Amino acid sequence: MRPLFTPALLPDPMPTAMGAQLLLLAIRRTITQGPHDPGIERQFEVNFGRGYRRPLVLVRVLVSEIRAAACTSVTIAPCCCTRMTPAEAAILAATTRISTSPDAARLLIADVLANRHPERVLVSLSAVVEGFADAGHPIGGWR
């Protein structure tokens with residue numbers, strides 16, 4: 001029997017920065033388990049402390065915007081997977097570029113969503129990046 005995910009489908013390694021790992025886990029859990037998953041809420045509480053609600057709500061809004069704006073399916077790996085799909089890698093790459101190179105971030109997100117107008121997703125992504133940084137886990141150090 002052939003495994004469901006092969007290295008060709010998951011070409012990118014998991015990020016090493018804690019903020020990027022938390023964001024990736026939150027996106028995966030929110031998409032697969034729903035926006036009110038207690039597991040991700042507990043992870044955020046442990047990692048962010050008492051200020052966990054803002055980053056968590058921002059990730060929920062981001063996932064909601066991604067779902068609304070996507071004109072194609074956005075492939076997400078299972079939560080336990082140690083590698084990333086191209087869509088996940090592009091979303092994380094956009095997070096590292098959103099403040100320094102917004103045009104590059106816009107193109108990455110537009111490609112993932114197959115949508116020429118990803119502005120609402122970009123605004124949400126920018127808020128997530130700021131929320132994580134304010135809470136002590138900046139999303140960076142990846143690519």
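R29 is partly exposed, with a relative accessible area of 25% (partly exposed lies between buried, under 20%, and exposed, over 50%; 1.4 Å probe, protein chains only). Its salt-bridge partner is D37, at 2.7 Å from N to O (a salt bridge is a side-chain nitrogen of Lys or Arg within 4 Å of a carboxyl oxygen of Asp or Glu). D37 counts as buried at 6% relative accessibility. The model is predicted, with local features requiring pLDDT of at least 70 and side-chain atom pairs pLDDT 80 or more, while totals for chains, interfaces and linings use all residues. Residues are numbered from 1 along each chain, and side-chain values use heavy atoms, without hydrogens and water.

The whole structure contains 7 salt bridges. Among them, R60 and E41 meet at 3.5 Å, N to O. R60 lies in helix α3 and E41 in helix α2 (residues 38-48), so the pair ties together parts 19 residues apart in sequence. Helices are DSSP runs (H or I, at least four residues), numbered from the N terminus. R54 and D134 form another salt bridge, with the closest N and O atoms 2.8 Å apart. This pair links helix α3 to helix α6 across 80 residues. D134 is exposed, at 58% relative accessible area.

In helix α5 (residues 102-113), the buried residues are A105, I109, A110, V112 and L113. They cover an arc of only 160 degrees around the axis and therefore lie on the same side of α5 (the arc is taken from directions between the helix axis and the C-beta atoms). These residues pack against α3, α4 and α6 (contact: heavy atoms within 4.5 Å). The face turned away from the buried side carries the exposed residues D103, L107 and D111.

Notes: Helices (H or I, at least four residues) and strands (E, at least two) are DSSP runs, numbered from the N terminus.
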